[in-house]
Amino acid sequence: MKRFFVYLLLPLLLIVGCAKAPITGRTQIMMVSPQQEQAMGFQAEREILKKEKLSKDRALNERIRRIGMRIARATGLKLDWKFYVIEKPDVPNAFCLANGHVFVYTGILKYAQNDAQLATVMAHEIGHAIAHHVAEQVSMAMVTNAAAMAAAVAIQHNVKSSGEQAAYMAALGLGANLGVVLPYSRMMESEADHIGLMLMAKACYDPREAIKFWEKFAKKGKEPIAYFSTHPSSRQRIAQLKELMPQALKIYRESGCENLNASTASSQPRPATHSPLGAAVR
Ligand SMILES: [Zn+2]
């Protein structure tokens, strides 16, 4: 049986790669190639474009593209950046695919009172993409599935009663979820906040607006209990942003942003509304 584990895990361990997340420098497990990641991005894009209605609002499309390109330039990556606005006023959401194609739902606009707050969301989503979080999650799932399979075989081999076997298997599933999957997702959210904050500062959007945006966003939604959630609580999120703020402000001040913001007058206040949060920004 031991030989079985070796046969199962050895090929897996041999192809495990490592990567480094930008800005935070965190070491990541990466078992998905850049080509596979790109293909996943294009596949997702085709699915989304098949079912979603794009906004025809020219001014809005231009605004999203202008903000997005400033953040894209701040990444220093030459991706085929594209920005789509999806007409869904009830969905306060946005995301960026691995291929650098960004989707912003019109429902997020009522929470972002100016361009810097919109940049907060877009930079967070671009942060997920440039840190290859989807590919990392797929890689993690491959590793945890292999480990779970090995553990399941061990349970079947060592635990005689079928009732006890079921209890062990249930505990294994719950343990993997609480111990690996959820903390990992929360860590990625915090990392996207970290990367996003630095990107928006580098793109000359006042990073202090990120705190205002997330505070307002949190007030409209239910506070998740961090232990059972894929997201950090808003208190943890704001605390992290405050901790990183001196560093972000340094980047902001050193990028010669005063002149840029004075000439573009980026703040465009929008009236806040009080519709409940549906699918939250991830
Ligand atoms: Zn996120």
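This is a predicted model: local features need pLDDT of at least 70, side-chain atom pairs count only at pLDDT 80 or more; totals for chains, interfaces and linings use all residues.
1. Cavity count and volume. The structure contains 1 cavity of 30 Å³ or more. The largest cavity has a volume of about 40 Å³.

2. Lining residues. Ten names to check on the model: Thr120, His124, Ala192, Asp193, Gly196, Leu197, Met200, Ala210, Trp214 and Leu241 line the largest cavity. Helix H4 (115–130), helix H6 (162–202) and helix H7 (208–220) each give two or more residues to this lining. H6 gives the most, with 5 residues.

3. By class, the largest cavity is lined by 6 nonpolar, 3 polar and 1 charged residues. Asp193 is among the lining residues, and Asp counts as charged. Gly196 also lines the cavity; Gly is counted as polar.

4. Surface patch. Look next at the surface. Met40, Val134, Val138 and Met142 form a nonpolar patch there. Together they have about 290 Å² of accessible area. Helix H5 (residues 133–158) supplies the largest share of the patch, 3 residues.

5. Met142. This patch member is found in helix H5. Is Met142 partly exposed or buried? Its relative accessibility is 34%, so Met142 counts as partly exposed. The partly exposed class lies between the cut-offs of 20% for buried and 50% for exposed. Patch membership requires over 30% relative accessible area, and Met142 is at 34%.

Technical notes. Residues are numbered from 1 along each chain as its sequence is written. Side-chain values use heavy atoms; hydrogens and water are left out. On a 1 Å grid over the protein atoms alone, a cavity is a set of points where a 1.4 Å probe fits but cannot get out, and a pocket is an open set with protein on both sides within 12 Å along at least five of seven lines; lining residues have an atom within 4 Å of a point. Grid points are joined across faces, edges and corners, and a volume is the space filled by probe spheres set on the points. Helices (H or I, at least four residues) and strands (E, at least two) are DSSP runs, numbered from the N terminus. Patches are made of residues with over 30% relative accessible area and no salt bridge: like charges are joined within 9 Å, nonpolar side chains (Val, Leu, Ile, Met, Phe, Trp, Tyr) within 5 Å. Accessible areas come from the Shrake-Rupley method with a 1.4 Å probe; for residues, only the protein chains shown count as cover. A salt bridge is a side-chain nitrogen of Lys or Arg within 4 Å of a carboxyl oxygen of Asp or Glu. Buried means under 20% relative accessible area, exposed over 50%, partly exposed in between (1.4 Å probe, protein chains only).
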